[in-house]
Every structure is written in structure tokens, then in C-alpha cells.
Amino acid sequence: MLGLFDEEEITGSTLLMMRKKPAGRRTVTSKPKPHARALNADKDHAKDLFFHARSFHLAAKKLAGALEFGSSRFAEFDVSPVIFLYRHALELHLKTLILGGGGNFLAEKPDLISISQSHSVSWLAQFVRQILTALGWENEFKCDGIENFDDFKSLVGQLNSADPGLYVFRSPVDPRSEVAVREFVKRMDRLLDLLESTADALAAEWNLRRDGVDFDDGGFGDNGTTRIQ
């Protein structure tokens with residue numbers, strides 16, 4: 001997932017320089033650059049969400065790497081906070097897409113308070129699908145382990161059932177199975193990287209449209225939109 005998380009914002013002169021470069025397919029991968037900046041300065045609330053989401057993802061990865069299966073009869077319960085961190089990172093990344101650059105492509109922007117207060121990742125994912133569909137990116141929103149939007153919906157649905165109201169905890173995988181947990185972690189890492197890349201691409205797309213830069217197709221969509229892979 002063009003890095004837009006640099007200290008400097010993309011300017012009109014930068015975009016004009018980009019236009020002079022040889023035409024080529026501009027792609028977004030599920031491996032975001034560490035300097036990526038997916039949000040505009042006037043979107044401070046969404047920018048904060050992005051960095052919180054990224055921090056929860058990093059914490060989840062570190063905790064998952066420290067799991068010691070079979071070390072004690074209570075080891076399976078150590079999986080619960082890992083799943084919780086991944087779930088919260090997913091929630092924040094989805095909110096980043098909706099409240100950040102992605103919200104600009106919705107026919108009707110959702111209520112800020114409703115989005116902010118919701119903990120339903122399945123409900124939030126519906127807005128993300130609307131955004132991708134509006135741009136024609138739904139078939140390019142994929143990564144290893146998530147080949148289409150049905151796979152995305154399925155994985156999000158599993159996470160939605162885990163501690164939806166902070167009252168109980170239900171694991172979407174068998175916490176006693178190291179294989180199942182490791183596979184879950186891999187899929188979540190790929191998905192969260194993909195969401196981060198998508199936020200980056202959406203911000204880039206909005207900047208191009210806002211600044212009125214006229215690009216030849218040369219790897220962009222038929223209507224001049226950025227392509228996502």
C-alpha cells in the first residue's frame with residue numbers, strides 16, 4: 001500500500017512531476033511502507049485512528065510471537081488477548097478508511113458519532129465495501145488468504161463475534177490448536193496490511209481528484225482512478 005505518511009504532504013507541483021514520469025501501472029500492495037501517510041492534515045481524528053490501529057497491530061504481532069503453546073494447562077487463555085488486539089486493530093483500521101480518505105467516495109457520509117461509537121466490525125466493513133465498489137476496486141482488494149470480498153467478509157465476521165460488547169469473550173479459532181492460531185495470525189497480519197495499503201491508496205486517489213490532475217491512463221483505471229492490487 002505511494003507512501004502518503006511522509007512528513008511532507010503531496011503538493012500540486014509534486015503531482016505534476018509525477019505526471020512527467022513514463023506511464024506505468026501504479027500499484028498498491030499489502031506491504032505498506034513505514035513512512036506511508038494515508039491521511040490529510042485536516043483529518044486529525046482519522047490520522048490518530050490510523051496510528052492507534054497500527055500500534056494495536058504491532059502489539060498483537062509481538063504478543064502472538066510470544067505465545068508458548070503447551071507450556072501450561074492455562075496457555076490456551078493466553079490466546080484471548082492476542083485475538084482482542086487483532087480485533088481492535090481491525091476495528092480502528094476500518095474506521096480509518098471510513099472517516100479518512102475513503103469517506104469522500106461514499107454517496108452519503110455516515111454519521112461520525114455512529115461510526116466512532118460502533119464496535120461492530122461487520123457493520124463497518126459494509127461501508128468499506130461501498131467505498132471500494134464506488135471506485136471499482138472490489139476485485140483488486142485481496143491478499144494471500146483473502147482472494148475476494150467474501151473471504152474478507154467471512155474473516156471479519158469471525159472477529160465480530162469475539163467480544164463484540166466487551167462483556168464476554170468468544171474465540172474465532174480453537175485456542176488449543178497452535179496451527180489454527182498461527183494461521184489466524186498470518187491472515188490477520190495480511191488483512192491489516194491490506195487495509196493500511198488501501199487507506200494509503202484512497203488518500204492518494206482523493207488528492208488526485210481534489211487537485212484536478214489529468215493523468216493519461218497508463219495503468220490507471222478507465223476513469224483515471226488509481227489501481228489497487
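Buried means under 20% relative accessible area, exposed means over 50%, and partly exposed is what lies in between. The legends below use these words for a predicted model.

Figure 1. Phe56 sits in helix H2, which spans residues 44-65. Its relative accessibility is 26%, so Phe56 counts as partly exposed. Setting aside neighbours within four places in sequence, Phe56 touches Leu85, His88, Ala89 and Leu92. Arg87 is 31 residues away from Phe56 along the chain. The C-alpha atoms of Phe56 and Arg87 are 9.1 Å apart.

**Figure 2. Overview of the chain.** The chain has seven helices and zero strands. Read from the N terminus, the order of elements is α-α-α-α-α-α-α. The chain holds 229 residues, and 45% of them count as buried.

**Figure 3. Helix H3 against helix H5.** H3 covers residues 79-99. The axes of H3 and H5 come within 9 Å and cross at roughly 35°. The crossing of H3 past H5 is left-handed. On the H3 side, the contact uses Arg87, Leu90, Glu91, Leu94, Lys95, Leu97 and Ile98. On the H5 side, the partners are Val121, Leu124, Ala125, Phe127, Val128 and Ile131. By class, this contact of H3 with H5 has ten nonpolar, no polar and three charged residues.

**Figure 4. Helix H5 against helix H6.** H5 runs over residues 121-135. The axes of H5 and H6 come within 9 Å and cross at roughly 160°. Angles over 145 degrees count as roughly antiparallel. H5 and H6 are therefore roughly antiparallel to each other. The crossing of H5 past H6 is right-handed. H5 contributes Val121, Ser122, Ala125, Val128, Arg129 and Leu132 to the contact. H6 contributes Phe149, Phe152, Val156, Gly157, Leu159 and Asn160. The residues in the contact of H5 with H6 divide into eight nonpolar, three polar and one charged.

Figure 5. Asn160 belongs to helix H6. The side chain of Asn160 reaches the backbone nitrogen of Val121 at 3.0 Å. Leaving out neighbours within four places in sequence, Asn160 is in contact with Arg87, His119, Ser120, Val121 and Ser122. Two of these names return from earlier views. Arg87 is among the H3 residues that meet H5. Val121 is among the H5 residues that meet H6.

**Figure 6. Ser154 of helix H6.** Ser154 is also placed in helix H6. With a relative accessible area of 41%, Ser154 is partly exposed. Ser154 and Ser122 are 32 residues apart along the chain. Their C-alpha atoms are separated by 9.2 Å. Ser122 is one of the H5 residues in the contact with H6.

**Figure 7. Helix H6 against helix H7.** H6 spans residues 149-160, and H7 spans residues 178-211. The axes of H6 and H7 come within 12 Å and cross at roughly 115°. That makes H6 roughly perpendicular to H7. The crossing of H6 and H7 is left-handed. From H6, the contact takes in Asp151, Phe152, Leu155, Gln158 and Leu159. From H7, it takes in Phe184, Arg187, Met188, Leu191 and Leu195. By class, the contact of H6 with H7 has seven nonpolar, one polar and two charged residues. Phe152 and Leu159 of H6 are also among the residues in the contact of H5 with H6.

**Figure 8. Leu194 of helix H7.** Leu194 lies in helix H7. Its relative accessible area is 0%, so Leu194 is buried. Lys142 is 52 residues from Leu194 in sequence. In space, Leu194 and Lys142 are 7.4 Å apart, C-alpha to C-alpha.

**Figure 9. Glu205 and Arg209.** Glu205 is another residue in helix H7. At 1% relative accessibility, Glu205 counts as buried. The side chain of Glu205 makes a polar contact with the side chain of Arg209, at 2.7 Å.

Terms used:
Residues numbered from 1 in each chain as written. Predicted model: local features only at pLDDT ≥ 70, side-chain atom pairs only at ≥ 80, totals over all residues. Heavy atoms only, no water. Axes fitted to C-alpha atoms, helices over the stretch in contact; angles between N-to-C directions. Helix = DSSP H or I, 4+ residues; strand = E, 2+ residues; numbered from the N terminus. Parallel < 35°, antiparallel > 145°, perpendicular 65-115°, else oblique. Left-handed = near helix turned anticlockwise from the far one by under 90°. Contact = heavy atoms within 4.5 Å. Nonpolar A, V, L, I, M, F, W, Y, C, P; charged D, E, K, R; others polar. Buried < 20%, exposed > 50% of the residue type's maximum accessible area, 1.4 Å probe, protein only. Polar contact = N/O pair within 3.5 Å; in protein donor to acceptor, adjacent residues only side chain to side chain.
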